[in-house]
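Please consider the protein chain shown here.

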Amino acid sequence: MKSTPKSINMFYKHMHRLILYLILCKTLPLYAQDSIPPARWDLQYCLDYAKQHNITLNSLRLNTRSAEQDLLLSRSAVLPNLSATLSPSLTHVKSADSNGNLKSGFTPSLSTSATSSITLFNGGYLKNDIRQKDLLVKVAGLDLQAAENDITLQITQAYLNILLAKENIVYVKDVVATSEAQLKQEQQFYDAGSVARKDLVQIQAQLANDRYTLVTAQNSHRQNLLTLKQLLQLPTDTVFEVVEPDTLMATALLPLRDVQQYALANRPEVKSSELSVQSAQLDLQKARAGYLPVLTAGAGIGTSFGSNTYYSYVRQLDNNFYQQIGVTLSVPIFSRRANKVNEEKSRLEVGQAELTLQNTRTVLSQEIEQAYINVENAQAQYDAAVEQLRYTQESYRIANEQLKIGAANTVEVLQQKNLYVQALQSYVQAKYSSALYIRIYDFYRGIPVKL
């Protein structure tokens, strides 16, 4: 079957649309490919969602793309340029004919030209500029990784705070249920005349206090949920619950020195600062290029014609056609101190970048040391809290049994209960603090956060 021009045009049109679609699918960011989120989120889903939707991270991705465009522009600066000009004009002239009569009118003319130039030598400025722009692309990528690390730790802490609040609610509900059972039993004793009204009122007050504690725990849970939703930048009306992990067990604690050495060699903020020092050094070399001469080569062609001559259009184009090629050497002699100032400022920027690198390493080492101390303290507090909870729980159980048979009074039972509640809250807090700090410490040595 013979193809018609119309069918060929349609084929190319559809192919163009297909290619455009494939390019968009490849280049669009991940956050544009949204899927329906689950009703209950685990930690990994929260982290993946934040990396795709967080405004700060997406802004840093755009900065990376901008740095890539600067690199492309810098690489293109070593190529020759090419420009063309077209200059039509009208000239008003007066002339006399063969009879001596004056006449006036507009005479058209046209000039065309094309020029090109290329830099042959500029003291290494273009070469160093390419290397610097390449480093800045890497710095932008490392800054993005550092921001992802920060948001990871923030989300992990918010997530564990939610789990802490949920577990605290469970324990407080159990305490409220126990107080309600005690009140029911005390009411029976009071109705039978076995206890005074003072004892009954004390149990009622304790139940009211336990219910207040439960409301406080529920409010804390809602606040922690809101904090995580804000970190994820979810709408406030989004139905949102987190998944409770099967266990909070973590890996063994590594020596502080080993973790510090690993972090200083691999963390993106350190690498970014190191590359920033190299970038500042390249900027210094670019400033020094201002003292050196610049050698450029150029070429051009052009022609013109006018209607006020006796030659034909083609003949004029041929007669007026010119070609030009040459080199230009520009030698700086006196720049009004501009080159010296630029060099000195670049040298100061190198010093500033080195101080920033030193500070980054110092701050990171201090953060890791603090994380190590937090892990040791949290684990010690957790071990003590487990033991404290076991003893206070048993004391509270014995006091309840004694209250049933009249061997203990209400005040003694309430004292044991308060000790038990305090130990319970300390246990829950220490449990999740230990889980958080060990994950922060492990994160510094390159272990992904998991629950």
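The questions and answers below go from the whole chain to single residues.

Me: What kind of model is this, and how are its residues numbered?
Reply: This is a predicted model, in which local features need pLDDT of at least 70, side-chain atom pairs count only at pLDDT 80 or more, and totals for chains, interfaces and linings use all residues. Side-chain values use heavy atoms, with hydrogens and water left out, and residues are numbered from 1 along each chain as its sequence is written.

Me: How many helices and strands are in the protein chain?
Reply: Helices (H or I, at least four residues) and strands (E, at least two) are DSSP runs, numbered from the N terminus. By that rule the protein chain has 10 helices and 6 strands.

Me: Which percentage of the residues in the protein chain is buried?
Reply: Buried means under 20% relative accessible area, exposed over 50%, and partly exposed in between (1.4 Å probe, protein chains only). Of the 451 residues in the protein chain, the buried ones make up 33%.

Me: Among contacts between residues at least 6 apart in sequence, what percentage joins residues at least 24 apart?
Reply: A contact means heavy atoms within 4.5 Å. Among the contacts in the protein chain between residues at least 6 apart in sequence, the part joining residues at least 24 apart is 79%.

Me: Which residues are joined with Lys-286 into one network of salt bridges?
Reply: A salt bridge is a side-chain nitrogen of Lys or Arg within 4 Å of a carboxyl oxygen of Asp or Glu. Lys-286 forms one with Asp-283, the closest N and O atoms being 3.9 Å apart. Salt bridges that share partners join Lys-286 into one network with Asp-129, Lys-133 and Asp-283.

Me: How many residues apart are Asp-129 and Lys-286?
Reply: The side chains of Asp-129 and Lys-286 meet in a salt bridge of 2.7 Å, N to O. This pair links distant parts of the chain, with Asp-129 in helix α4 and Lys-286 in helix α7, and the separation is 157 residues.

Me: Is Lys-286 buried or exposed?
Reply: Lys-286 lies in helix α7, residues 268-288. Leaving aside neighbours within four places in sequence, Lys-286 is in contact with Tyr-125, Asn-128, Asp-129, Gln-132 and Lys-133. Its relative accessible area is 9%, so Lys-286 counts as buried.

Me: Which side chain does Gln-182 join in a polar contact of 2.6 Å?
Reply: A polar contact is a pair of N or O atoms within 3.5 Å; within protein, one must be able to donate a hydrogen and the other to accept it, and residues adjacent in sequence count only if both atoms are side-chain atoms. Gln-182 is in helix α4, residues 125-191, and is buried, with a relative accessible area of 7%. Its partner in the contact of 2.6 Å is Asn-400.

Me: Why is the pair of Trp-41 and Tyr-45 classed as it is?
Reply: The structure holds 6 aromatic pairs. Rings of Phe, Tyr and Trp (its six-membered ring) pair if their centres lie within 6.5 Å; planes under 30 degrees apart count as stacked, over 60 as edge-to-face and the rest as tilted. The ring centres of Trp-41 and Tyr-45 are 4.8 Å apart and their planes lie at 80 degrees, so the pair is edge-to-face.

Me: Which residues make the nonpolar surface patch of about 470 Å²?
Reply: Patches are made of residues with over 30% relative accessible area and no salt bridge: like charges are joined within 9 Å, nonpolar side chains (Val, Leu, Ile, Met, Phe, Trp, Tyr) within 5 Å. Phe-121, found in strand β3 (residues 102-121), is partly exposed, with a relative accessible area of 42%. The nonpolar patch of about 470 Å² is made by Leu-120, Phe-121, Tyr-291, Leu-292 and Val-327.

Note on methods: Accessible areas come from the Shrake-Rupley method with a 1.4 Å probe; for residues, only the protein chains shown count as cover.
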